[in-house]
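Visitor: Good morning. Could you walk me through this model, one topic at a time?

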Amino acid sequence: MRRMAIGQEPLEGVFEDPRMEGIGLRRCLQCGRCTGSCPARSVFREFSPRMIVLEILEGHVNDLLRGDLIWLCGQCYTCHLRCPRGNSPATVILVLRELALMRGYARDKVRGIAERCGRSIWERGVNFHEEGSRELPDRAVADLKEALKRGGYDSFLKRLGVDLS
């Protein structure tokens with residue numbers, strides 16, 4: 001049986017984030033609904049929102065920040081919709097990603113992910129290009145920036161040197 005380290009020092013930074021207000025990780029039942037419905041889990045067998053929450057509750061935040069698991073989440077928020085307690089592992093993962101960046105653990109990982117995503121978009125295209133163009137129309141860029149701001153990604157992207165203003 002694993003022991004939970006609720007309230008110990010390593011949890012600092014996670015529960016202090018304002019996005020964590022109202023998320024009851026400490027009430028987590030470990031039922032597995034989040035993992036059972038997770039699309040990323042079908043691609044990455046080692047990924048489990050349930051285990052990430054458990055690792056946090058056991059005080060293993062630094063292991064998560066240094067590892068790769070938090071970067072496998074697609075941020076679809078299916079876990080949030082399925083949780084009987086209203087928890088949001090996706091929000092927790094977003095907070096963990098920002099902590100990893102702030103502590104200097106993840107810059108190379110993020111850069112690699114951004115390069116792979118950019119390469120994939122360039123090779124396959126995206127559905128909001130104007131016909132015959134590889135440049136995004138101004139309206140699409142403005143819509144994308146607004147969506148990123150509303151989703152809370154502006155501070156995350158600012159740490160990477162991307163300004164959404």
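Guide: Let us begin with a term: helices (H or I, at least four residues) and strands (E, at least two) are DSSP runs, numbered from the N terminus. The model is a predicted one, in which local features need pLDDT of at least 70 and side-chain atom pairs count only at pLDDT 80 or more, while totals for chains, interfaces and linings use all residues. Residues are numbered from 1 along each chain as its sequence is written, and side-chain values use heavy atoms, with hydrogens and water left out.

Visitor: How many helices and strands are there in the protein chain?

Guide: The protein chain has nine helices and zero strands. Read from the N terminus, its elements run α-α-α-α-α-α-α-α-α.

Visitor: And how much of the chain is buried?

Guide: Of the 165 residues in the protein chain, 36% are buried. Here buried means under 20% relative accessible area, exposed means over 50%, and partly exposed lies in between (1.4 Å probe, protein chains only).

Visitor: Which residues have the most contacts inside the largest nonpolar core?

Guide: They are Phe47, Ile56, Trp71 and Leu96, in a core of 29 residues. Such a core is a set of buried Ala, Val, Leu, Ile, Met, Phe, Trp, Tyr and Cys residues joined through side-chain atoms within 4.5 Å.

Visitor: Changing topic: how many cavities of 30 Å³ or more does the structure hold?

Guide: There are two cavities of that volume or above. A cavity is a set of points, on a 1 Å grid over the protein atoms alone, where a 1.4 Å probe fits but cannot get out, and lining residues have an atom within 4 Å of a point. Grid points are joined across faces, edges and corners, and a volume is the space filled by probe spheres set on the points.

Visitor: How much space lies in the largest cavity?

Guide: The largest cavity holds about 100 Å³. It is lined by 13 residues, and Cys28, Cys31, Cys34, Cys83 and Asn87 are the closest to its centre.

Visitor: And what about the second largest cavity: what is its volume?

Guide: Its volume is about 60 Å³. The lining has 14 residues, and those nearest the centre of this second largest cavity are Cys38, Phe47, Cys73, Cys76 and Cys79.

Visitor: Which helices each supply at least two residues of that lining?

Guide: Helix H2 (39-43), helix H5 (78-82) and helix H6 (89-102) each do. The largest share of the lining of the second largest cavity comes from H6, which gives three residues.

Visitor: I keep hearing about cysteines. How many disulfides does the structure hold?

Guide: The structure holds zero disulfides. For cysteine 28, the nearest cysteine sulfur belongs to cysteine 83 and is 6.4 Å away, and cysteine 28 is in no disulfide. A disulfide is counted when a pair of cysteine sulfur atoms lies within 2.5 Å.

Visitor: Are cysteine 28 and cysteine 79 buried or exposed?

Guide: Cysteine 28 counts as partly exposed because its relative accessibility is 23%. Cysteine 79 counts as buried because its relative accessibility is 8%.

Visitor: One last topic: where does aspartate 163 lie?

Guide: Aspartate 163 is in the segment after H9. It counts as partly exposed, since its relative accessible area is 47%. Aspartate 163 and lysine 145 are 18 residues apart in sequence, and their C-alpha atoms are 9.4 Å apart in space.

Conventions: On a 1 Å grid over the protein atoms alone, a cavity is a set of points where a 1.4 Å probe fits but cannot get out, and a pocket is an open set with protein on both sides within 12 Å along at least five of seven lines; lining residues have an atom within 4 Å of a point.
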